[in-house]
Amino acid sequence: MAEHPAVTGRPPAVGGADRASTYRTIALRVMPLLVVCYVVSFIDRTNIGIAQQGLKRDLGFGSAVYGLGVTLFFVGFILFEVPSNALLARIGARKTLVRIMATWGVVTVVTLFVQDETTFYIARFLLGVAEAGFFPGALYLLSRWFPSARRTRMTAVFFVGVPVSGVLGSLVSGWIMHALGGVAGLADWQWLFLIEGIPPILLAVLVAFFLVDEPEQAKWLSPAQKALVRADLEAERLSKEEPSDRHGGMLSALRDPKVWILGLCACGAYTLANAVSYWTPRIIAEAGVGDVLNLGFFSAIPPLLGIVVMLVVGRHSDRTLERRWHAAVSWLVAAAAMLALAFSGGSVPVVVVLLAVMAAAHYSGLTVFYSIPSIYLSDRAAATGIAVVTSMGSFAAAASPSLLGFIQESTGSLSLGLVISAGIVLVAVAVLLVGVKAGDLKEKHH
């Protein structure tokens, strides 16, 4: 016997369309391309972690130079994140993503011409400018296709791109530098930037032809399926029970204290993200792994565990419709792993295990956390609100690499930097649990 909508809490199927089949069709069409784009974006953002070995050898870049280069990426990212997304609602997600990917691909390729600290800093800053807007733009796109009860699951699938990029990026980057150094007169790190800058340019072409902004434009959905998705998204909008003009744009988002609370949480999330994405190769190298091919191999291990754990946590969060504690517990585990790393003694097996725990907890917490803003922000403010939260987190992302680089050069170790980073993550946990109330995150199953 079919369940009545009043009992299940789900809107009825529209026009005979099957809900599970409809969203499966959407996921299979939208998510693979989006995930591949995210994988490539993270590889191009973080390949500097492997390339730094060659840059140190050929150009004499120490930890402080490397850290400042990572910081300048986020400076460009911060300055252009919100302006990029302000255009999102006007020109659509497809055109926005095409513009961003083509630009960052070109910047990655020209990074091979870096000759000194100044040109290195310029290249990293321009890469941040080019990539600004991709992440919140992709999350906004998901909010146009999936209601919130399904969105965390899709966000988890999207975030698979982060650990996958860690695995593929580490292995591929290590192999490129190992196999191609000196070929055609180019250094190993020059080949790295040349080869890894081409995929986003090709993907920009694919997105232009195969991605659309919303279900109404999808020729591969039936009228009944379009009506079903439209009804689910409308039901979600009405369930927020907010005045229609409360979150009408940038000024409304900035006046909303919830945005600022989540922005402070993002500071902790991004501090943790940098420790995982940018400093994993350095931590492993300090443990005694010097060969660049082995460095790439060991750097690929932590994200493998992260993929499995992230999907499990994201699915459980969707099933229970609980967000705060899933994110908070994940971050607590990550902070504990960071503290343990600071006092691990440098054993390679111990370091790799702790990095794997930290990575898995980071990916899990980030997946759930970034499902929160779209739950209570209105459609008109979703892109802007997510961009504000992301930009606030990026301030911490901009500061932490320089801090860790300076600490390492001053003390000869990353231990103090890891302790400070763990403290920032713990503060973010407290802000999340105290500042965001469970009642603010009520959702309905769709």
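**Labels and their grounds**

Mentor: In this predicted model, Cys-265 has a relative accessible area of 0% and is buried.

Trainee: Why is Cys-265 called buried?
Mentor: The label requires a relative accessible area under 20%. Cys-265 has 0%, so it is buried. Cys-37, with a relative accessible area of 2%, is under the cut-off too and is therefore buried.

Trainee: How do you know that the sulfur of Cys-265 is too far from the closest cysteine sulfur for a bond?
Mentor: The closest cysteine sulfur belongs to Cys-267, at 8.8 Å. A disulfide needs the two sulfur atoms within 2.5 Å, so a distance of 8.8 Å is too far for a bond. The structure as a whole holds 0 disulfides.

Trainee: What makes Phe-297 and Phe-298 an edge-to-face pair?
Mentor: Two conditions apply: ring centres within 6.5 Å, and planes over 60 degrees apart. The centres of Phe-297 and Phe-298 are 5.4 Å apart and their planes stand at 70 degrees, so the pair is edge-to-face.

Trainee: Are these two residues, Phe-297 and Phe-298, buried or partly exposed?
Mentor: Phe-297 has a relative accessible area of 45%, and Phe-298 has 23%. Partly exposed covers the range between the 20% limit for buried and the 50% limit for exposed, so Phe-297 is partly exposed and Phe-298 is partly exposed.

Trainee: How many aromatic pairs does the rule give?
Mentor: The count comes to 14 aromatic pairs. One of them joins Trp-189 and Phe-193, edge-to-face, with 6.4 Å centre to centre and 70 degrees between the planes. Both residues, Trp-189 and Phe-193, lie in helix 11 (residues 188–210), 4 residues apart, about one turn of the helix. Trp-189 and Phe-193 are both buried.

Trainee: Which residues do ring pairs link into a cluster?
Mentor: The cluster consists of Tyr-38, Phe-42, Trp-104, Phe-134 and Phe-158.

Trainee: How many helices and strands does the chain have, and what share of its residues is buried?
Mentor: The chain has 21 helices and 0 strands. Of its 446 residues, 59% are buried. Among contacts between residues at least 6 apart in sequence, 85% join residues at least 24 apart.

Methods. Residues numbered from 1 in each chain as written. Predicted model: local features only at pLDDT ≥ 70, side-chain atom pairs only at ≥ 80, totals over all residues. Heavy atoms only, no water. Helix = DSSP H or I, 4+ residues; strand = E, 2+ residues; numbered from the N terminus. Buried < 20%, exposed > 50% of the residue type's maximum accessible area, 1.4 Å probe, protein only. Contact = heavy atoms within 4.5 Å. Phe/Tyr/Trp six-rings, centres within 6.5 Å; stacked < 30°, edge-to-face > 60°.
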